[in-house]
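Subject: Structure for your review

Dear colleague,

Please find the structure below, followed by a summary of what was found in it. I would be grateful if you could read the two side by side.

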Amino acid sequence: MTDQTLTVEPDGAGVRLDAYLAGRPGIGLTRSRLQKLIEGGEVLVNGRPVRASYKVANGDAILVRIPDLEPVELQPEELPLEVLFEDADVIVINKPRGLVVHPAAGHRSGTLVNALLHHCVDLSGINDKIRPGIVHRLDKDTTGAMMAAKNDLAHLSLAAQIKERSARREYLALVRGNPPVDSGAVDAPIGRHPTERKRMAVSEAGRPAVTHFRVLERFGEYTLLRCRLETGRTHQVRVHLSSIGFPVAGDPVYGPRQGTCGLGGQALHAVSLGFYHPRSGEWMEFEAPLPDDFQRVLERLRQEAK
């Protein structure tokens, strides 16, 4: 990790943060790379994360944390994949719990990308060499429907649908507590936690985020919700539900230590995924069956609620 620090001079005031940094000779990063660092909370202005659109002011102290790049040679690996749909452009899988989406520190192999490289002849290279074909991601212990692009045409189309909010993503979440309403929405910006870098948080300096929810079943101490994303921020469902007092059961980061329900991770499942096919324009929608451990927990809660 390399830290770069600088102070905004009067002639730089009023410029967008990403544009300002891209013009600094000492930084040496592209604007798109800087935007990713800003979104990831690696750029602090006066000690706090801000948006890329933030207009810098005279005297602002800016810290840019630049992660060290490590060469990674990705190897195809024959790992089991539950394929919900596949054609020449798109593959949709039902991701199991515990599967990391793409290689990162501590996970150089055994990821979904390694499995896709073995399963598919080719993947879109738009994202980068570490995340080929990956249009969106699910957390390691979140299960369910996830799509990947097999060529650049598909990648551009699917990424645009997510950005424009025309793709539809819905989750089942078992939460602790009993919401007082049968449906609602959480409209609160999400950004990097100011002190705990691996956590996200509701923050005025974050990016807009909206999660709609409705109650499917109530079990007293627990409630099963169906959530629909308008946006796709990191940990969005987990952060939003925790922020209103109903953390996802089994969530080791945003929930209490108790109440795992016997699960190895959060009780969060991407149950439905809909999008327009990037080549034909046809609307397609897929349902991902619940994993066995999640299903067993629900059956037990139903029995106990009788």
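With which residue does D18 form a salt bridge, and how far apart are the closest N and O atoms? The partner of D18 is R16, and the closest N and O atoms are 2.9 Å apart; a salt bridge here is a side-chain nitrogen of Lys or Arg within 4 Å of a carboxyl oxygen of Asp or Glu. D18 counts as buried because its relative accessibility is 0%, whereas R16, with a relative accessible area of 30%, is partly exposed. Buried means under 20% relative accessible area, exposed over 50%, and partly exposed in between, with a 1.4 Å probe and protein chains only.

On provenance, this is a predicted model, in which local features need pLDDT of at least 70 and side-chain atom pairs count only at pLDDT 80 or more, while totals for chains, interfaces and linings use all residues. Residues are numbered from 1 along each chain as its sequence is written, and side-chain values use heavy atoms, with hydrogens and water left out.

Overall architecture

The protein chain contains six helices and 15 strands; these are DSSP runs numbered from the N terminus, helices being H or I of at least four residues and strands E of at least two. Buried residues account for 48% of its 306 residues. The C-alpha trace spans about 70 × 45 × 35 Å along its principal axes. Of the contacts (heavy atoms within 4.5 Å) between residues at least 6 apart in sequence, 65% join residues at least 24 apart.

Salt bridges

The structure holds 17 salt bridges. One of them joins R238 to D139, with the closest N and O atoms 2.9 Å apart. This pair links distant parts of the chain, R238 being in helix α5 (residues 236–243) and D139 in the loop between α3 and β7, 99 residues apart. Both R238 and D139 are buried. Salt bridges that share partners bring R137, D139, R238 and D251 into one network.

Another salt bridge is formed by R207 and E39, whose closest N and O atoms are 2.7 Å apart. Here too the pair links distant parts of the chain: R207 is in the loop between β11 (200–202) and β12 (210–218), E39 is in helix α2 (residues 31–39), and they are 168 residues apart.

Buried charges without a salt bridge

K95, in strand β6, is buried yet has no salt bridge, the nearest side chain of opposite charge being D141 at 6.5 Å. The side chain of K95 does reach the backbone oxygen of D139 at 3.2 Å and that of T142 at 3.0 Å.

R192 belongs to strand β10 (residues 190–192). R192 is likewise buried without a salt bridge, and the nearest side chain of opposite charge, E42, is 6.0 Å away. The side chain of R192 reaches the backbone oxygen of G40 at 2.8 Å.

Helix α3

In helix α3 (residues 112–119), L112, V113, N114, A115 and L116 are buried. Their cover includes β6 (90–95) and β7 (143–149).

Yours sincerely

Note on methods:
Lys and Arg count as positive and Asp and Glu as negative; His and the chain ends are not counted. A polar contact is a pair of N or O atoms within 3.5 Å; within protein, one must be able to donate a hydrogen and the other to accept it, and residues adjacent in sequence count only if both atoms are side-chain atoms.
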